[in-house]
Amino acid sequence: MAGDGIRCTLMRGGTSKGAYFLASDLPADEAERDDLLLRIMGTPDPRQIDGLGGAHPLTSKVAVVSPSADPDADVDYLFLQLGVDEAFVTDRQNCGNILAGIGPFAVERGLVLATGHRTSVRIRMVNTGSIATATFATPGGLVDYDGELAIDGVPGTAGAISLDFEGTAGSSTGSLFPTGAAADDVDGTAVTCVDNGMPTVLIRASDVGLEGDEDPAALEADAALKERLERIRFAAAELMGLGDVSEATVPKMVLVSAPRHGGAIATRSFLPHRVHTSIGVLGALTVAAGVLADGSVGRDLAAIPAEGDPFVVEHPTGHFDVDVTLEGSGSDAAVTRSAALRTARKIFEGTVFPRPRL
């Protein structure tokens, strides 16, 4: 701490943006920590005018990082999703986009030493206990954020950060298909409940009267659609063993439709009430795993790629390529590989001063 301020790094990770902190710089008491973070982000306020938040769930995120006590990991990463106009902090999900900045942050803050031209950091995702390895450029022992990788939803290019995931299947629910089936009927609608790092409910867009290529703003304005999806979300969450999710942002709801731009599947993802302008890392890995399984919702709509080719998930601002491999069929399928490329950028590092208590 510095006076009334806290050392903070603001980073873009993938298609999200968040405030990154060392755990040692925040209160150990969770209630005190959450109160502080809400005041830092400017929540509750739809504009978050008095804090770091960017008036959207994708930019109201926090990463808490510390050295890991797990001998199989270098650092621990706790992800916290903060509300925008509602004062809540939840740790019931991971965020693979914010994850993209964890390795660079760990090197920048001296938790991990750079190991040559490229450095790999093993990260334990505290929310679920699974491990991801981030590999990125560190010439001269310094993180190099520049590069030629473009990701849809982010202008320009940046340095590639390879994310290889372990143990993502069933990370929050205990099983890739937590209901025990590749497809279920929920509230009269065919769904696939799947968890390859992000508890998700897949629904055919046509089954809720949509084409699947609608603009996110139009979907957010459809009150009847949002009410229907919320009924399905609550019922599906019970089937998935997630319990009461009225104060949670999982499971995510994803509408799927036939691809239109050469990809494998088209998506519209709900967060769960705002609509993602792209799709999250773990969301894309989960959609791919769900759609690849025989008998799942979306399998009949998908253009399944040839072996060795990426699974291309189309979203409102472009596409997201992932590498997901399953062995077995239907609800007995097992994930043998989950990987993705992302980028990140340090925006600023300094001292943030929380808003006074209201």
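Trainee: Where is the place of Asp187?

Mentor: Asp187 sits in the loop between β9 (184–186) and β10 (189–195), where helices (H or I, at least four residues) and strands (E, at least two) are DSSP runs numbered from the N terminus. This is a predicted model, in which local features need pLDDT of at least 70, side-chain atom pairs count only at pLDDT 80 or more, and totals for chains, interfaces and linings use all residues. Residues are numbered from 1 along each chain as its sequence is written, and side-chain values use heavy atoms, with hydrogens and water left out.

Trainee: What is the phi of Asp187 about?

Mentor: Asp187 is not a glycine, and yet its phi is positive, at about 55 degrees. Asp187 counts as partly exposed because its relative accessibility is 43%, given that buried means under 20% relative accessible area, exposed over 50%, and partly exposed in between (1.4 Å probe, protein chains only).

Trainee: Which residue other than glycine has a phi near 65 degrees?

Mentor: That is Ala55, whose phi has a positive value near 65 degrees. Ala55 belongs to the loop between α1 and β3, and at 27% relative accessibility it is partly exposed.

Trainee: Switching to prolines, which peptide bond is cis with omega near 5 degrees?

Mentor: The bond from Thr43 to Pro44 is cis with that omega, and Pro44 is placed in the loop between α1 (30–41) and β3 (61–67). The bond from Leu271 to Pro272 is cis too, with omega near 10 degrees, and Pro272 lies in the loop between β13 (265–270) and α6 (281–292).

Trainee: And Ser16, buried or exposed?

Mentor: Ser16 is buried, because its relative accessibility is 3%, and it is part of strand β2 (residues 16–22).

Trainee: What joins the side chains of Ser16 and Lys61?

Mentor: The two side chains are joined by a polar contact of 3.0 Å, a term for a pair of N or O atoms within 3.5 Å where, within protein, one must be able to donate a hydrogen and the other to accept it, and where residues adjacent in sequence count only if both atoms are side-chain atoms.

Trainee: Last topic, the surface: which residues gather in a patch of negative charge?

Mentor: Asp85, Glu86, Glu238, Asp244 and Glu247 do.

Terms used: Patch = residues over 30% accessible without salt bridge, like charges linked within 9 Å, V, L, I, M, F, W, Y side chains within 5 Å. Areas by Shrake-Rupley, 256 points an atom, 1.4 Å probe, with all protein chains shown as cover. Salt bridge = Lys/Arg side-chain N within 4 Å of Asp/Glu carboxyl O. Lys, Arg positive; Asp, Glu negative; His and termini not counted. Charge placed at Lys NZ, Arg CZ, Asp CG, Glu CD.
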